[in-house]
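I am opening my notebook on this model. I will write down each thing I look up, in the order I look it up.

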Amino acid sequence: MAIIEAADLRKVFRRIVRRPGIGGAVRALFSREYEDKIAVDGVNFTLAEGELVGYLGPNGAGKSTTIKILTGILVPTSGSVRVAGIVPYQRRQENAENIGVVFGQRSQLYWDLPLRESFELLRAIYDVPRNRYLENLAHFSAILDLERFLDTPVRQLSLGERMRGDFAAAMLHDPKIVYLDEPTIGLDVVAKEAIREFITRVNRERGTTVILTTHDLADVERLTPRVILIDEGRVIFDGALQRLRTEYGTHRTLVVTFAEAPTNIDVPGTEIESREGLVVRLRFDRRKLSAEAIIRRVMERYPISDVSIIEPDIDTIVRRIYVEGYQHGAVGAPS
Amino acid sequence: MRWRRMAGVYRQYWRINILTTLEYRENFVVWFAFTFVYHGSSIAALWIVLSRFPSMNGWSFRDMAFLYALWMVAHALHNTLFSTVGEVPDHIRNGEFDRLLVRPLDTLFQAIATPGQVFPDELVLAIVTFVAATIYAGVHVDAMFLTFIPLIFIGGALIDLGINLIISTAAFWFVKVDALRWIFVQLEQEFTRYPVTIYTRGVRFVLTFVFPFAFMNYFPARYFLHKGMSGLGLPPVAGLLTPAIGIVFVALAYVFWRFGLNRYQGVGH
């Protein structure tokens, strides 16, 4: 069953054109020019209940705007949106009962007070029955190891601890859907792992639908089987992470360590990516040539001491898509 | 159901307020002392100015002490209960305001119930001042007085809330509204110190019907001090209308707030 449906979602902002410097700012006092900025340009997707989806895109691609429409903060310019059967901007408060939101860069905890006090306030805001609240608190404390710092003022917590507190805070009222906006930003490896574990368990054990925006693609690899890629306000890919890999990860890199410095390197079917001393990285299209054929060509021409092959990681693939756009024929339409 | 929930949130809000204030004990002590110095010195300054005039448009110095104390309590009540509404523009600017929109309660209620560092020290001082001024001015304290005075304080606080809300709502368009707020704070302080009859007709009209500061203290004081008709032709009993004026003014400000909020949700900021 679809829990989130977005169809032809568009959001256009009217922005003041800013000119640089103090002179520009003074001029803007007297005459202002406006421009339309299309933040979201016809976004379509549906999410089934209990899905865990990565919503990716470069800065300014329209990720946050989409999330703000789904959470009811913004009204779309056109298009339709339904979240758990509700149009969020029409029944914002009702929608708010169903959702939890974590903004990675912004905490909802009270800085000066023990973590527990923030939880108590949220319990009151969402009117969580006392028993359920205590159950959830015990459960999250166990997964996130909150017990140690539940009575410590938030200002004294490390970023990782605070973030764990924020996650528990967003989940105390058993939301059907959680929006996680860059939840692992700035965290160390251990804290990231704890957060990822928490997301996985909440999704699996409680059937919570999760939308995750992130720049850390390790989050995606670890967590979300499905990714939606957005650029310039449009969905440019929607499908399994694996498909993204096979369709876009067409190039591999052969790392060759030469036995002696070659004068000029020319291997048909490859291009040189980088060269550092005796180590040269050659890029090739795996659809056109097999690794075996390339290695043979290299060995025919030069004495070498070592070779290895690098598979493109998800970071590289996504970076390529951002840079090259989606003119690539292989881009999949939402299935 | 909803009201019960709001009461629960409000209780928790005050708990956080007080805990936060007490968390920083030294700051609290300094602040508490400052309240008395600050308000004490403004009362003293007023005293010096007013004691030079035997009377102003038929108002004696004692009358004016009562006038000032009336405003002081209403204003302190506002500062204690509603001052966080004034932080909305900051929250719009730094993005925190979005948090209120993803919670299942009315945004204005949340803006009021956002824990700030508020402590009822100013209110306590204002009430002490008011009791002293009432005795000093020789106001006849009867059942009528005891019934209406608390309502007049609440009405006055609501008038202040209305102004605060209108200014904060302007931030949905202009984001930063410090200048506007400063102007209103200054005007309110000036125009509530003296009987409005000393001002021109235009100013009196604005203070009565547009931004009804005159209902915070002038009209109620006139009623309780038996001052007779005012220049605007309102009967003395208008002084008892303050609670109603407060409710209507806040209701109008709330309509404006909803309008601004819709705009915010439409265009962002």
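**Aromatic rings in chain B**

I started with Phe209(B), which is partly exposed, with a relative accessible area of 49%. By this scale, buried means under 20% relative accessible area, exposed means over 50%, and partly exposed lies in between (1.4 Å probe, protein chains only).

The model is predicted, so I note that local features need pLDDT of at least 70 and side-chain atom pairs count only at pLDDT 80 or more, while totals for chains, interfaces and linings use all residues. Residues are numbered from 1 along each chain as its sequence is written, chains are lettered from A and ligands numbered from 1 in the order in which they are written, and side-chain values use heavy atoms, with hydrogens and water left out.

Next I asked how many aromatic pairs the structure holds over all chains. The count is 30. I looked up one of them, Phe61(B) with Tyr136(B): the ring centres are 6.2 Å apart and the planes stand at 80 degrees, so the pair is edge-to-face. The rule pairs rings of Phe, Tyr and Trp (its six-membered ring) with centres within 6.5 Å; planes under 30 degrees apart are stacked, over 60 edge-to-face, and the rest tilted.

Phe61(B) sits in helix α3 (residues 61-81) of chain B and Tyr136(B) in helix α7 (residues 121-137) of chain B, so this pair ties together parts 75 residues apart in sequence. Helices (H or I, at least four residues) and strands (E, at least two) are DSSP runs, numbered from the N terminus. Phe61(B) is buried at 14%. Tyr136(B) is partly exposed at 30%.

Then I went back to Phe209(B). With Phe205(B) it forms a tilted aromatic pair, 5.1 Å centre to centre and 50 degrees between the planes. Both lie in helix α10 (residues 201-210) of chain B, 4 residues apart, or about one helical turn. Phe205(B) is partly exposed, with a relative accessible area of 44%.

I also found one aromatic cluster made of Phe66(B), Phe130(B), Phe145(B), Phe153(B), Tyr223(B) and Phe224(B).

**Where chain A meets chain B**

How many residues does each chain bring to the contact? Chain A gives 32 and chain B gives 35, where contact means heavy atoms within 4.5 Å. The two chains bury about 3,100 Å² between them, 49% of it on carbon and sulfur atoms. Buried area is the accessible area (1.4 Å probe) that two parts lose on being put together, summed over both. Ile73(A), Arg92(A) and Ile125(A) supply 20% of the area that chain A buries against chain B, more than any other three residues.

I counted 6 salt bridges between the chains. Glu117(A) forms a salt bridge with Arg15(B), with the closest N and O atoms 2.6 Å apart. The rule asks for a side-chain nitrogen of Lys or Arg within 4 Å of a carboxyl oxygen of Asp or Glu.

On the side of chain A that touches chain B, the elements giving two or more residues are β1 (2-16), α2 (63-71), α3 (92-98), β5 (99-103) and α4 (115-126) of chain A. The largest share, 7 residues, comes from α4(A).

Is Arg162(A) buried or exposed? Arg162(A) counts as buried at 13% relative accessibility. It lies in helix α6 (residues 159-171) of chain A.

Last, I noted Glu182(A), in the loop between β6 and α7 (189-206) of chain A. Its phi is near 55 degrees, a positive value in a residue other than glycine.
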